[in-house]
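Dear colleague,

My notes on it come after.

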Amino acid sequence: MKIITGKYRGRVLETPSGLNTRPTTGKIKESIFNIIQFDIEGRRVLDLFAGSGQMGLEALSRGAESCVFCDTDKKALMAIGKNIEKCKAQNEAKVYNRDGLSFLKTAGKNSFGLIFLDPPYAAGLMDEAINIITNVDILQDGGIILCESGRDWNAPVLPAPYRVVKEYDYGTTKITTIGKGE
C-alpha cells in the first residue's frame, strides 16, 4: 500500500498486523480520490476509524491543510505514527487514541471539510457516526463525508442541509458521498 500521488507520492505505508483493521484496497482508494480530486486542497480532514491512516495521508499528499486521525487499536495507532513519520507530515497531522463516536461528540461545529468514515462493517457504527456528525454539525458548508461500507448499507435519512450526493458500487464495497449545503 502506498501513496498514489502528490507530495508524498510513492511512499510505502505500514499496515497494522492482525484482523482488527481492513485496509481500503488500492483500486477503491484510487476511485475515491478520483471522485473527490477537486475537493481536497486546503481542507481540514478527519480520518475516523483511521486504520493505517492511508486515506488521510493521501489527502494531505494532495493538498489538504491538515488531518486528524482517530483510532483505538494499538497496532493501528503505531502504523499511523510510523506512516506520518515516513511522510514527514508531523506538522499537518494530529493522532487521537479515542473512540471515534466520542471524538465526534467533542469535535466542534464546522471543524472539518472532508470526513472519511470507514468503520468495521459489522459493527453498525456508520449510521451512529453520521447521526452525530449531523447533530453536532462538525462538517463545514460545502463539505463532504465519504462513507466506505458493505454493499448492502444504505445511508440514513439526513436532515437538511445534508444530502446523499452519489453512491458507487465496487463489488462488495459501496462508497457513498454525503454533502452539506449547495
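This is a predicted model: local features need pLDDT of at least 70, side-chain atom pairs count only at pLDDT 80 or more; totals for chains, interfaces and linings use all residues.

Residues are numbered from 1 along each chain as its sequence is written, and side-chain values use heavy atoms, with hydrogens and water left out.

The largest nonpolar core has 27 residues; such a core is a set of buried Ala, Val, Leu, Ile, Met, Phe, Trp, Tyr and Cys residues joined through side-chain atoms within 4.5 Å. Buried means under 20% relative accessible area, exposed over 50%, and partly exposed in between (1.4 Å probe, protein chains only). The residues with the most contacts inside this core are I32, F33, I36, L57, L60, F69 and F116. Two or more residues come from each of α1 (26-35), α2 (54-61), β2, α3 (74-87), β4 (112-117) and β5, and α2 gives the most, with 4 residues. Helices (H or I, at least four residues) and strands (E, at least two) are DSSP runs, numbered from the N terminus. A second, separate core of 24 residues includes L46, I130, I138 and I178.

C70 is found in strand β2 (residues 66-71) and counts as buried because its relative accessibility is 1%. Leaving aside residues up to four places away in sequence, C70 touches, among others, D47, F49, Y96 and D99, contact meaning heavy atoms within 4.5 Å. The C-alpha atoms of C70 and D99 are 7.4 Å apart, across 29 residues of sequence.

Salt bridges number 9, each being a side-chain nitrogen of Lys or Arg within 4 Å of a carboxyl oxygen of Asp or Glu. Three of them are as follows.

- E14 pairs with K86, with the closest N and O atoms 3.5 Å apart; E14 lies in the segment before α1 and K86 in helix α3, 72 residues apart.
- D137 pairs with K109 at 3.7 Å between the closest N and O atoms. D137 lies in the loop between α5 (125-136) and β5 and K109 in the loop between α4 (100-106) and β4, so the pair ties together parts 28 residues apart in sequence. D137 is buried at 15%, whereas K109 is exposed at 58%.
- K174 and E167 meet at 4.0 Å, N to O; K174 is buried at 5%, and E167 is partly exposed at 38%.

K109, D137, D141 and K180 are linked in a network of salt bridges.

Kind regards
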